[in-house]
Amino acid sequence: MPGGVNSPVRAFKSVGGQPIFMDSVKGSHMWDIDGNEYIDYVGSWGPAIIGHADDEVLEALAETMKKGTSFGSPCLLEAVLAEMVISAVPSIEMVRFVNSGTEACMGVLRLARTFTGREKIIKFEGCYHGHADPFLVKAGSGVATLGLPDSPGVPKATTSGTLTAPYNDIAAVESLFNSNEGEIAAIILEPAVGNSGFITPKPDFLEAIRRLTKENGALLIFDEVMTGFRLSYGGAQEYFGITPDLTTLGKVIGGGLPVGAYGGRREIMEMVAPAGPMYQAGTLSGNPLAMTAGIQTLKRLKAPGTYEYLDRITRELVQGILNAGKKTGHAICGGHIRGMFGFFFTEGPVHNFDDAKKSDAAKFVRFYQGMLREGVYFAPSQFEAGFTSLAHSPEDIQKTVAAAENVLSKI
């Protein structure tokens with residue numbers, strides 16, 4: 001396998017050493033093949049919001065498997081999860097399930113171009129929307145982690161319609177609309193960034209983006225693969241009170257199984273085949289296992305107090321790490337929303353990818369390796385958000401903060 005892994009950021013290339021091979025997970029903890037135990041803040045890169053290997057999810061999956069793992073035809077579970085997603089997410093009136101966040105973003109981009117009859121899109125520097133060719137321009141996630149340029153193998157013609165702006169920079173977006181009048185199909189963005197580290201929008205940024213798209217006849221796409229059902233039950237769009245035209249989802253809605261989805265206004269979604277002319281298909285889309293895990297996960301998230309608990313433990317975690325950093329003399333900043341967080345070894349504030357790159361990467365490596373030795377597993381990159389779950393206990397948080405203070409006092 002290239003680099004010994006099947007997804008680049010797992011390779012520990014930016015933090016040194018060999019990647020840790022995991023053997024099992026349960027709740028908020030992971031165990032590697034050597035028997036070492038870790039408190040996990042990666043959460044399978046976001047899906048494990050109710051905790052790993054949840055008993056109710058596993059029981060439901062076992063029952064579903066008795067009926068088969070893939071039908072290749074419609075099943076009732078697809079309709080159940082679709083209704084749950086549509087009732088939860090403000091922008092979604094119709095939804096199409098796919099198998100990954102990358103696939104969802106590929107589909108939604110083609111749909112936006114179909115609906116508007118335009119080709120150009122605006123994305124933001126450091127935002128990652130999967131590895132489809134049009135999005136590999138100033139991308140985040142593993143592209144940022146490994147310090148890669150825009151990926152080789154992507155034809156210039158494929159990215160010629162991709163325009164970029166710094167996140168949180170309204171003036172730059174206005175300039176792009178002015179210089180490409182009547183040509184921009186859509187703006188796609190992470191409403192809260194998770195692929196350059198965790199970066200939140202400035203006040204009124206999302207509102208201004210919504211206004212600009214409406215004024216210029218372009219669509220607004222929220223990539224909520226990370227933030228969907230994590231910042232609130234209705235996603236970032238419910239949390240911030242801004243409704244886009246189209247939304248992509250993934251991670252949480254599959255409960256730990258491969259999944260993605262895109263949805264939005266009915267008049268736009270009716271352009272998707274077989275209802276309309278825009279073609280997109282998938283062999284395992286809507287498979288019963290992913291639908292089952294998603295249904296069970298969303299049921300749990302709908303319970304009273306869910307997001308209040310995530311907010312409380314994540315605030316304690318982040319504030320504890322920031323306090324430990326300042327107590328031990330380090331430049332550090334960070335923040336959280338509900339069950340998503342991040343921190344940087346810089347005074348901050350961090351409003352975009354250029355700000356994030358000012359973080360002390362060498363210090364992060366020392367911190368990361370020290371936390372591993374303390375039994376705490378963060379994402380092996382300064383440029384990835386962290387995730388908490390309903391399974392994280394106050395004791396987990398206390399242990400993590402104590403470990404952080406210990407490590408920070410030594411680096």
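In this predicted model, 40 residues of domain 1 are in contact with 39 residues of domain 2. The domain assignment places residues 2-54 and 304-409 in domain 1, and residues 55-302 in domain 2. Between the C-alpha centres of the two domains the distance is 24 Å.

**Area between the domains**

- About 3,300 Å² is buried between domain 1 and domain 2, and carbon and sulfur atoms account for 63% of that area.
- On the domain 1 side, Asp54, Ile337 and Met340 together supply 21% of the area buried against domain 2, which is more than any other three residues supply.

**Polar and charged links**

- Two salt bridges are found across the interface of domain 1 and domain 2.
- Asp54 and Arg300 form a salt bridge through their side chains, with an N to O distance of 2.7 Å.
- Between the two domains, 17 residue pairs are in polar contact.

**Elements on the domain 1 side**

- The elements that give two or more residues to the side of domain 1 touching domain 2 are helix H11 (306-327), strand S11 (333-337), strand S12 (340-344) and helix H12 (353-356).
- Strand S12 gives the most to this side, with four residues.
- By residue class, the side of domain 1 that touches domain 2 comprises 22 nonpolar, 12 polar and six charged residues.

**Cis peptide bonds**

- Most peptide bonds are trans, and most residues other than glycine have a negative phi.
- The bond from Ala273 to Pro274 is cis, with omega near 10°; Pro274 is placed in the loop between helix H9 (266-269) and helix H10 (288-301).
- The bond from Gly348 to Pro349 is likewise cis, with omega near 0°; Pro349 is found in the loop between S12 and H12.

- Ala53 is not a glycine, yet its phi is positive, at about 50°.
- Ala53 lies in the loop between strand S3 (37-40) and helix H1 (55-65), and with a relative accessible area of 27% this residue is partly exposed.
- Arg338 also has a positive phi, near 50°, in a residue other than glycine.
- The loop between S11 and S12 holds Arg338, which is partly exposed at a relative accessible area of 22%.

Key
Residues are numbered from 1 along each chain as its sequence is written. This is a predicted model: local features need pLDDT of at least 70, side-chain atom pairs count only at pLDDT 80 or more; totals for chains, interfaces and linings use all residues. Side-chain values use heavy atoms; hydrogens and water are left out. Domain bounds come from an automatic or database domain assignment. Contact means heavy atoms within 4.5 Å. Buried area is the accessible area (1.4 Å probe) that two parts lose on being put together, summed over both. A salt bridge is a side-chain nitrogen of Lys or Arg within 4 Å of a carboxyl oxygen of Asp or Glu. A polar contact is a pair of N or O atoms within 3.5 Å; within protein, one must be able to donate a hydrogen and the other to accept it, and residues adjacent in sequence count only if both atoms are side-chain atoms. Ala, Val, Leu, Ile, Met, Phe, Trp, Tyr, Cys and Pro count as nonpolar, Asp, Glu, Lys and Arg as charged, and the others, Gly among them, as polar. Buried means under 20% relative accessible area, exposed over 50%, partly exposed in between (1.4 Å probe, protein chains only).
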